[in-house]
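Biologist: I would like to go through some labels and ask what stands behind each one. Please set every value against its cut-off.

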Amino acid sequence: MSTAMAPLLFAVLVLPFAAPAAVTMARRNCSSYCGYPSNPPPPYPFGVGPSCSMPGFNLTCDADNGTYLLLGSPTMKVSFYSNEFNHNLRTSISYFVEMIAGVRDYSLHWEAPARPFVISGSSDMSLFVVGCGVKASLFIGNSAVEVGSCFAVCAEARILEKVLAGTCSGLGCCLIDIQVNLRAFTLNISRISDSARSEGVHAFISGDKNRLFSPIEALRSILPVPVPDEYEYSTVNTVLDWSIPYQPNCKRAMQNKGSYACVSKGSECHDSPIGGYLCYCQRGEGNAYVDGGCDNPPGYESIRSRTDCPTSCANVSTPFPFGTELGCFAKPHMYLKCNPTSYLPVLQLTDRTIISDISIDDGIFHVHETSKEPDDFPDSSDPVLYALSEQRGVVTWAIDSMTCKNAKLDKSDYRCFTAHSDCIDVTEDRTTKHVGYRCKCSSGFEGNPYVQDGCRGQCSRYS
């Protein structure tokens, strides 16, 4: 049995590198565009030029041959979704295998362009194999652990000419769903005897399961050998996810402030499903990887409230960390609207939900709805820090989305800072899903744990 290595459209190799001792901040003279001003590179941790990116995120600009951004070594062309900050990028992973007479088995290998990148098992990617008379088997890295296999078969040409183009279902095309994280893979392609055979096989990774394939074109190997690089990049969309990979999770990352990547005030850390961690702005806007990168307007976050803040809305007390004016609340989601009416002002959580009481000690609101219409209960791209309780008319709340264990590691933004206060993890009643954390005065003490020296001994009231 003879074996051949197929010609590759492109193959990407990776050289391992050690975890950085410190976060590398972008220099000010880094390139702000590639080719022309309307084609800027993605924000940090990516960057074009020396010392302009975090290790593993360095891009080069192929301005001589167009305006492509290149990643890794050897390089692969990449592009990014515009107008928003995403933890993924778009590229092309594609091969054309010329089937040589007398050779039955072929093997291809791919590795991610750098350590931060992975084909995510949750990104809906599949390996498509277009051809006739072949079996394809996909393996994790160089191991014997199989992701999956499929068969692409065909009938004779006179029959296939009458078959309309359709989705990939085994006739001239088969696919393998990728449901595990892949930083590298091996693809084995073998001829099988019980089928008409094509002279070439096209293999690529894409999330488009609705694209149409023509069985007769698969049999005739319509694509040229080799496939032009421009054709592949424009027609094959592979999504690579990325994370900060130098620590396994947020807890470990926050223990080493020198290499911790979530440097902006108002940022928070989330464990990544592909390993490592990701940084987000608490308000959902800005770049958490850059000092001052999160959009936190003055007055939208406070350790303590102004001395002249309103302390109630009508007969409902509004204790800090909640507030009804700028500079009076601790976090953006703690802002409550005191809405004047023809009778008395009302304290609103949403347009149709009115708060009748706030309990700092229990971490709940008592609420009632003013309409039977579907409510606009907080639900956005920002972390949702309110949760409906199983008890009717009760909403639980958290001051931040972190767990207590992680929050205690970030002393600059930890809110249970006053003496005799404890951190309480908040979960949804119905699902036990983590919401965040809140603060509470320790046993034997009472008061407001979000205010300096706010927790007092219970007997001190009577002294």
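Biologist: Why is K209 called partly exposed?

Modeller: Its relative accessibility is 35%. Buried means under 20% relative accessible area, exposed means over 50%, and partly exposed is in between, with a 1.4 Å probe and protein chains only. The value 35% falls in between, so K209 is partly exposed. This is a predicted model, where local features need pLDDT of at least 70, side-chain atom pairs count only at pLDDT 80 or more, and totals for chains, interfaces and linings use all residues. Residues are numbered from 1 along each chain as its sequence is written, and side-chain values use heavy atoms, with hydrogens and water left out.

Biologist: What makes D177 and K209 a salt bridge?

Modeller: The rule asks for a side-chain nitrogen of Lys or Arg within 4 Å of a carboxyl oxygen of Asp or Glu. Here N to O is 2.9 Å, so the pair qualifies. D177 sits in strand 13 (residues 173-177) and K209 in the loop between strand 15 (200-206) and helix 2 (215-219), so the bridge ties together parts 32 residues apart in sequence. Helices (H or I, at least four residues) and strands (E, at least two) are DSSP runs, numbered from the N terminus. D177 is also partly exposed, at 32%.

Biologist: How many salt bridges does the structure hold?

Modeller: There are 4. One of them joins D400 and K331, at 3.3 Å from N to O. D400 lies in the loop between strand 26 (394-397) and helix 5 (404-407), and K331 in the loop between strand 20 (316-317) and strand 21 (337-339), so this pair ties together parts 69 residues apart in sequence.

Biologist: Are D400 and K331 buried or exposed?

Modeller: D400 has 3% relative accessible area, so it is buried. K331 has 2%, so it is buried as well.

Biologist: What makes D105 and R104 a salt bridge?

Modeller: Their closest N and O atoms are 3.2 Å apart. That is within the limit, so the label holds. D105 is buried, at 11%, whereas R104 is partly exposed, at 40%.

Biologist: How do you know that a disulfide joins C250 to C269?

Modeller: A disulfide needs a pair of cysteine sulfur atoms within 2.5 Å. S to S is 2.1 Å, so the pair passes. By this rule the count comes to 12 disulfides.

Biologist: Why is the disulfide of C250 and C269 called left-handed?

Modeller: The torsion about its S-S bond is about -90°, so left-handed is the word. C250 lies in helix 4 (residues 250-254) and C269 in strand 17 (residues 267-271), so the pair ties together parts 19 residues apart in sequence. C250 is buried at 1%, and C269 is buried at 9%.

Biologist: Which residues form a nonpolar patch on the surface?

Modeller: I140, V145 and V180, with about 200 Å² of accessible area together. Areas come from the Shrake-Rupley method with a 1.4 Å probe, and for residues only the protein chains shown count as cover. Patch residues have over 30% relative accessible area and no salt bridge; like charges are joined within 9 Å, nonpolar side chains (Val, Leu, Ile, Met, Phe, Trp, Tyr) within 5 Å. V145 is at 47% relative accessibility, so it counts as partly exposed. V145 lies in the loop between strand 11 (134-140) and strand 12 (146-152).
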